[in-house]
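Colleague: I am new to this structure and would like to learn how to read a few of its features. Could we take them one at a time?

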Amino acid sequence: MSVTEYLEFIGDPANDDVQGWLYPTDAQLLCVINDVQASRGHGGDILEIGVYKGKSAILLGFFPRPGETLIVCDLFDSGASVSEENHRENAAFYPGLQRGDFEKNYLRFHDRLPTVHARPSADLSDVVPAGSCRLVHIDGAHTYEATRADIETARRLLGPGGVVVVDDWSSAHIPGVAMALWEQYLAGDLIPLAFSKGKFYATWDPSGLTGEEVTAAVADRPDLDVKGSVLLGQRAASSVTMTADAWQRYSASLRAVYSKLYSGGGAGAAPMVGF
């Protein structure tokens, strides 16, 4: 399967059976970041913190170029010690998560597994060299303390042209993510590139990617739309969504999933997956 085919797979909830949370908007935006980095000649490994069952990791697995590696980090069923708040979150949202579930899903789309670190993300600096990554996707524990630590880890591990992507930055039920992101932003060094409803894209490299480059690349994607530029203090970033036509196609497929679930589909209905 190609990255284009996987984008089509994600965009069709009626057939997408990989459980997880990834809007087509962000799947496309992640590809935009990858493409702009390639055009600028920025290299390095790709890291995902927080994997669940692999929905976004599968996409990121199409990105590494020769000499690059996808690295993923999650606790899975390792039994690693975490904070009480993190334990409650895992019990509520990710009960019974098994590393084998991720690996099974990933190998449906790729010939080999990425580098897997089944450990707390706080330990990543012990196994991933500083400055070795070009893209870090943060979707791990959603507490303020954990997100703050993951953002700091991303800063240490990103090299020239590196981009950090923070998931759930605008989710009201997990405000610790937004608190950690805005704290870092208000420190003055984090440069916004774009944002969607689900993810915030930024860099610490003033010579790296620019919001203008990302916005121009978004314009080349027929399913994405820039809703406008939002001033965030001294810097601005583009708000990116699906086009109206893309949303109509996606929502029609999504309605088919809901219809099957709530009209007697019973055990034969496909499991609800994220957007």
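Colleague: Is P24 buried or exposed?

Modeller: This is a predicted model, and the values are computed from it. A residue counts as buried when its relative accessible area is under 20%. P24 has 12% relative accessibility, so P24 counts as buried.

Colleague: Where is P24 found?

Modeller: P24 is found in helix α2, which covers residues 24-40. The C-alpha atoms of P24 and F9 are separated by 9.5 Å, and these two residues lie 15 apart along the chain.

Colleague: What is the relative accessible area of K55?

Modeller: The same cut-off applies, under 20% for buried. K55 has 3%, so K55 is buried. Its place is in helix α3, residues 55-60.

Colleague: Which side chain has a polar contact with that of K55?

Modeller: The side chain of D16 does, in a polar contact of 2.4 Å.

Colleague: How many Å should helix α7 span?

Modeller: The expected span is 1.5 Å times one less than the number of residues. Helix α7, residues 175-186, has 12 residues and therefore should span 16 Å. The end C-alpha atoms of α7 are 16 Å apart, which agrees.

Colleague: Which residues are buried in α7, and what covers them?

Modeller: G176, V177, A178, A180, L181, Q184 and Y185 are buried in α7. The cover over the buried residues of α7 includes α6 (144-157) and β5 (158-167), along with β6 (191-195), β7 (199-203), β8 (224-232) and β9 (235-242).

Colleague: What is the phi of G188, which follows α7?

Modeller: The phi of G188 is positive, near 105°.

Terms used. Residues are numbered from 1 along each chain as its sequence is written. This is a predicted model: local features need pLDDT of at least 70, side-chain atom pairs count only at pLDDT 80 or more; totals for chains, interfaces and linings use all residues. Side-chain values use heavy atoms; hydrogens and water are left out. Helices (H or I, at least four residues) and strands (E, at least two) are DSSP runs, numbered from the N terminus. Buried means under 20% relative accessible area, exposed over 50%, partly exposed in between (1.4 Å probe, protein chains only). A polar contact is a pair of N or O atoms within 3.5 Å; within protein, one must be able to donate a hydrogen and the other to accept it, and residues adjacent in sequence count only if both atoms are side-chain atoms. Contact means heavy atoms within 4.5 Å.
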